[in-house]
Amino acid sequence: MKSKFNRFLSQWQLQWMVLPGIAFMIVFNYIPIYGISIAFKNYTVVDSVSTANWVGLENFRIIFEDTFFWEAVRNTLAISLLKLALGFFIPIALAIMIYEMKDGKLKKTIQTISYIPHFFSWIVLGGMMISWLSTSGFFNQVLMSVGLMDKGVNHLLEPSKYWWIAVFSDLWKEVGWGTILYLAGMSKIDPTYYEAARMDGATKLTQIRTITLPLLTPIISLNLILAVSNILGSNLDQTFVLMNSQNQNRSEVINSFVYKMGITQGDFSYATAVGLGVSIISIILLLITNKVTKKMNNGQSVIL
């Protein structure tokens with residue numbers, strides 16, 4: 001105990017640097033946890049958290065009977081699962097292709113081009129999508145020029161297309177940025193592994209399957225855990241920009257639903273109950289995914 005205290009004193013400069021971060025977490029992450037109690041109360045703006053009347057599980061009963069909530073759940077799961085199916089594997093494939101490129105200048109150019117969309121806000125990218133997908137937009141012009149369409153339509157006004165628009169626009173924005181961790185991991189792989197494989201006659205695909213992917217397993221596992229645990233989350237910025245009155249029945253997700261119920265309609269107890277339920281399910285998904293990924297890492301846990 002004394003040695004730990006002495007080590008703490010010897011690193012006092014570093015400890016002082018950590019204090020602002022700890023204070024930030026306490027003020028903005030831990031103290032607000034007390035507000036979760038309004039999920040079990042009938043809270044209004046004229047009440048305080050402590051004086052609001054307790055209603056038990058009444059808010060959760062209302063949630064289960066709310067068809068609009070289940071519509072938001074359906075949209076959230078559909079969009080998130082499509083993003084997981086495509087957005088999880090494509091960055092891995094793109095990172096491997098970039099890593100295997102021999103032309104250094106071309107490699108840097110492709111990396112830069114793929115990173116750029118990440119740095120634009122959804123306000124900018126959403127405006128571009130709205131313009132491109134409009135009746136006279138770029139997308140329709142291309143389809144009509146190759147004979148796939150006779151006349152232009154506004155694709156964002158067609159609810160059946162919204163899920164795919166949300167998925168592919170998110171891929172366009174984030175797929176390049178998602179390669180960074182994988183490229184960093186591949187840069188640490190010992191080149192002698194590949195040399196030995198080539199001497200044994202292994203093809204490039206065999207090298208990727210037997211060397212690259214197994215050594216990237218810890219990073220892949222970590223990203224899988226984070227992606228699955230956030231499956232009930234969604235990109236609120238993207239939703240607000242692309243959602244309209246025509247596609248709302250396919251674009252309303254849990255986050256936008258909570259915002260609408262809590263901020264717009266002032267039903268804070270209902271919104272908190274939804275948020276609490278989502279958080280609990282997300283923790284359960286995180287623990288389950290962590291358990292599964294342990295088997296991918298020979299019994300070693302990535303985060304817990």
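Which elements each supply at least two residues of the lining of the largest pocket? They are H4, H9, helix H10 (180-187) and helix H13 (217-229). Helices here are DSSP runs (H or I, at least four residues), numbered from the N terminus.

This is a predicted model, in which local features need pLDDT of at least 70 and side-chain atom pairs count only at pLDDT 80 or more, while totals for chains, interfaces and linings use all residues. Residues are numbered from 1 along each chain as its sequence is written, and side-chain values use heavy atoms, with hydrogens and water left out.

## The largest pocket

Rolling a probe the size of a water molecule over the atoms shows where empty space is left. On a 1 Å grid over the protein atoms alone, a pocket is an open set of points with protein on both sides within 12 Å along at least five of seven lines, and a lining residue has an atom within 4 Å of a point. Grid points are joined across faces, edges and corners, and a volume is the space filled by probe spheres set on the points.

The largest pocket holds about 790 Å³ of space. It is lined by 23 residues, and those closest to its centre are Lys 83, Gly 87, Asp 170, Ala 227 and Asn 230. H4 gives the most to this lining, with five residues. By type, the lining of the largest pocket comprises twelve nonpolar, eight polar and three charged residues. In this division, Ala, Val, Leu, Ile, Met, Phe, Trp, Tyr, Cys and Pro count as nonpolar, Asp, Glu, Lys and Arg as charged, and the others, Gly among them, as polar.

## The largest cavity

A cavity, by contrast, is a set of points where a 1.4 Å probe fits but cannot get out. The structure holds one cavity of 30 Å³ or more, and about 30 Å³ of space lies in the largest cavity. Its lining is formed by Ile 79, Lys 83, Tyr 162, Ala 166, Ser 234, Asn 235, Gln 238, Thr 239 and Val 253. H4, H9 and helix H14 (236-242) are the elements that give two or more residues to this lining. Four of the cavity-lining residues are nonpolar, four are polar and one is charged.

## Salt bridges

Side chains of opposite charge can pair when their charged atoms come close. A salt bridge is a side-chain nitrogen of Lys or Arg within 4 Å of a carboxyl oxygen of Asp or Glu. Seven salt bridges are present in the structure, and three of them are listed below.

| Salt bridge | Distance between the closest N and O atoms |
|---|---|
| Asp 170 and Lys 83 | 3.9 Å |
| Glu 100 and Lys 204 | 3.1 Å |
| Lys 260 and Glu 252 | 3.0 Å |

The salt bridge between Asp 170 and Lys 83 links distant parts of the chain, with Asp 170 in helix H9 (residues 159-174) and Lys 83 in helix H4 (residues 67-87), 87 residues apart. Are these two partners buried or exposed? A residue is buried under 20% relative accessible area, exposed over 50% and partly exposed in between (1.4 Å probe, protein chains only). Asp 170 counts as buried because its relative accessibility is 14%, and Lys 83 counts as buried because its value is 17%.

The salt bridge between Glu 100 and Lys 204 also links distant parts of the chain: Glu 100 lies in helix H5 (residues 89-100) and Lys 204 in helix H12 (residues 204-215), 104 residues apart. Glu 100 is buried at 18%, whereas Lys 204 is partly exposed at 36%.

## Aromatic residues

Rings of Phe, Tyr and Trp (its six-membered ring) pair if their centres lie within 6.5 Å; planes under 30 degrees apart count as stacked, over 60 as edge-to-face and the rest as tilted. A search of the whole structure finds 14 aromatic pairs. One of them is the tilted pair of Phe 24 and Phe 28, at 4.7 Å centre to centre and 40 degrees between the planes. These two residues are separated by about one helical turn because they are four residues apart in helix H2 (residues 12-30).
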